[in-house]
Amino acid sequence: MLKVLVVDDSAIARMMISKCIEMTTDGVIELVDANNGVEAIGLIKKDRPHLVISDLNMPVMDGTALLRRIKASPKWCELPVIIITSAGNRQRESELKEQGAELVLNKPISPPDISIALDSLKCKGVIQL
Amino acid sequence: MNCEKEFEEQLYRATEATFEKMAFMEVMPSDTDLGCVTQSDFRSSRILFDAHIRGAVTMFLPLELLSEVFETLYNIPSEEQDSDMIRDLLGEITNTVVGNFLTLVVPDDVSYKMGIPQFDTSIDTAGELELMSYSYKIDDKIIKIELMQRN
């Protein structure tokens, strides 16, 4: 079963993302969530998710710092990361992809956005559904 | 197109897209002037941004509308909603509107930063910032958005 870590400081946003994932995957997925990058690092070590979906703007440790930490780690650098942000123009998207993000999605997200994203990662062989 | 007119149009587009996609609600421009919103039935949130323009966006939304959006999204009736849930939703709406607005007005090759939503919007910044105020109608309720830009 695919285990997905959802990282966002907004409980509403986490619920929204989780709901989109559940609708898209018929629930055959395990979800864990974190409030910020620091919590996410702890959960990556403990729960070993197969995919991280993270917001950018968060207190304590933001999405960019989390992405850098994951990609700088020899142990976790292969872990795919999707960034979800409301502040994503072409320049920002390109910077995030250079830093290792698999995909950058714009808020507000919908189930079709998540479905396309997961299909794309599945086609690339990055995740298995 | 002058800057103020462009900001007005793009702020409307960003607000329209956010409410349409989040809650299937239609947003219409309104001439209603809410003036200084201090009524207890409104909630407000502000986000600072730093792009090729610097400033802040403050959103004033009626509690009743926030409650309706929450119910649409999560099927949780207003009696079961609490103030933290409403505040979180307001922050998420503001974050999405401001992000979409900046994506529309900031050139594609320029990176920009946004702050985290602040809920104490009583700080008077009128001395330093140019203020533009817009009203919109959503489901017969009026919301107000202030755009403050550094001179």
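How many cavities of 30 Å³ or more does the count come to by this rule? The count comes to 1, with a cavity taken as a set of points, on a 1 Å grid over the protein atoms alone, where a 1.4 Å probe fits but cannot get out.

This is a predicted model, in which local features need pLDDT of at least 70, side-chain atom pairs count only at pLDDT 80 or more, and totals for chains, interfaces and linings use all residues. Residues are numbered from 1 along each chain as its sequence is written, chains are lettered from A and ligands numbered from 1 in the order in which they are written, and side-chain values use heavy atoms, with hydrogens and water left out.

**View 1. The largest cavity and its lining.** Its volume, the space filled by probe spheres set on grid points joined across faces, edges and corners, is about 60 Å³. The lining residues (an atom within 4 Å of a point) are A:A13, A:M16, A:I17, A:I84, A:K107, A:P108 and A:I109, together with B:M22, B:E92 and B:T96. Two elements give two or more residues to this lining: helix 1 (11-25) of chain A and helix 3 (83-105) of chain B. Helices here are DSSP runs (H or I, at least four residues), numbered from the N terminus. Helix 1 of chain A gives the most, with 3 residues.

**View 2. Helix 1 of chain A meets helix 3 of chain B.** Their axes (lines fitted to C-alpha atoms over the stretch in contact, with angles from 0 to 180 degrees between N-to-C directions) come within 8 Å and cross at roughly 75°. The two helices are therefore roughly perpendicular, a label for angles of 65 to 115 degrees. In contact (heavy atoms within 4.5 Å) are A:A11, A:I12, A:A13 and A:M16 on one side and B:M85, B:D88, B:L89 and B:E92 on the other.

**View 3. Helix 2 and helix 3 within chain B.** The axes of helix 2 (residues 63-74) and helix 3 of chain B come within 10 Å and cross at roughly 90°, which makes this pair roughly perpendicular. Helix 2 of chain B brings B:L63, B:L66, B:S67, B:V69, B:F70 and B:L73 to the contact, and helix 3 of chain B brings B:M85, B:I86, B:L89, B:L90 and B:I93.

**View 4. An aromatic pair in chain B.** Over all chains the structure holds 3 aromatic pairs, counted when ring centres of Phe, Tyr or Trp (its six-membered ring) lie within 6.5 Å. One of them joins B:F7 and B:F101 edge-to-face (planes over 60 degrees apart), at 5.8 Å centre to centre and 75° between the planes. B:F7 sits in helix 1 (residues 3-23) of chain B and B:F101 in helix 3 of chain B, 94 residues apart.

How values were computed
1 Å grid on protein atoms, 1.4 Å probe; cavity = no way out; pocket = protein on both sides within 12 Å on 5 of 7 lines; lining within 4 Å. Parallel < 35°, antiparallel > 145°, perpendicular 65-115°, else oblique. Phe/Tyr/Trp six-rings, centres within 6.5 Å; stacked < 30°, edge-to-face > 60°.
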